[in-house]
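Welcome! Take a moment to look over the sequence and the 3D view below, and then we can walk through the fold together.

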Amino acid sequence: MALLLQAPEGFHQAIQTANTLPTTLVEMLCQDVVLFLSGKIGFCSTTRYTKEMESLSPPVQEICLQNLINAITYTYRYAIKENLDSPTLKLSLMESILCNDSTSAAISSVWTEENKIMVNQYQSNYLRIGKLVDMQWKLSFATCSNRCPNMNTPLVTIKLTIALPNGSITDKCFVLEIAEFKDFSARVKEIASMIENV
């Protein structure tokens, strides 16, 4: 189960805590996490739930509740990454064997299509990261340049086509000398290997 393979430390204990909580409290926590992930609130505060935590038997410690908020946040981020709808998320939680029926129902019931879209839009717009659509390059020789004192110096021209979060497409062009291109290439390879390890 991919959800559990990448689960952060404390995830299992947090879900066990959720299994002991009333469903309404778990749903309230889930709604706060959705608001946090969609940028509507700055963070999920456990102090809001102090009365509910103290009234439980046995009382739930604040650190356990914070771990549960982190586990729900991880679960919803996983759902975004895997493009899971509510029924599929519920099935994934049930297959994990950690969640009981009420906990998996509470977590998945808050993960509505509207909330999924709202979080997804905020995440992509907030980061303002475009997607690389195309990369073209060509090797040429300088015929006149302020940067190259010698004529016929090899240059690499790179054109990046980027799809921006707002839907528009833009081109970015730049010219590099061979040494700069080698450095650029090494950095791109380094970035690619880092992304593969994430």
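Contact here means heavy atoms within 4.5 Å. A word on the source: this is a predicted model, in which local features need pLDDT of at least 70 and side-chain atom pairs count only at pLDDT 80 or more, while totals for chains, interfaces and linings use all residues. Residues are numbered from 1 along each chain as its sequence is written, and side-chain values use heavy atoms, with hydrogens and water left out.

Tyr76 also belongs to the largest nonpolar core, which has 38 residues; Leu21, Leu68, Tyr76 and Leu89 touch the most other members. Such a core is a set of buried Ala, Val, Leu, Ile, Met, Phe, Trp, Tyr and Cys residues joined through side-chain atoms within 4.5 Å, where buried means under 20% relative accessible area with a 1.4 Å probe, protein chains only.

H5 gives the most, with 10 residues. A second, separate core has 5 residues, among them Ile158, Leu160, Ile162 and Leu176.

How do two of these helices meet? H6 and H7 pack at an angle of about 150°, their axes 9 Å apart; the axes are lines fitted to C-alpha atoms over the stretch in contact, and angles run from 0 to 180 degrees between N-to-C directions. The two helices are therefore roughly antiparallel to each other, a label for angles over 145 degrees. On the H6 side the contact includes Leu89 and Leu93, and on the H7 side it includes Ala105 and Ile107.

Now for the whole protein: there are 9 helices and 3 strands, taken as DSSP runs of at least four residues for helices (H or I) and at least two for strands (E), numbered from the N terminus. The 3 strands form an open antiparallel sheet in the order E1-E2-E3, and strands pair if DSSP finds at least two bridges between them. E1 (131-141) and E3 (169-177) stand at the edges with a single partner strand each, so one side of each is left without a neighbour in the sheet. E1 and E2 (residues 154-163) pair over 10 bridges, and leucine 132 has isoleucine 162 in E2 as its bridge partner.

Definitions and conventions:
Buried means under 20% relative accessible area, exposed over 50%, partly exposed in between (1.4 Å probe, protein chains only). Angles under 35 degrees count as roughly parallel, over 145 as roughly antiparallel, 65 to 115 as roughly perpendicular and the rest as oblique.
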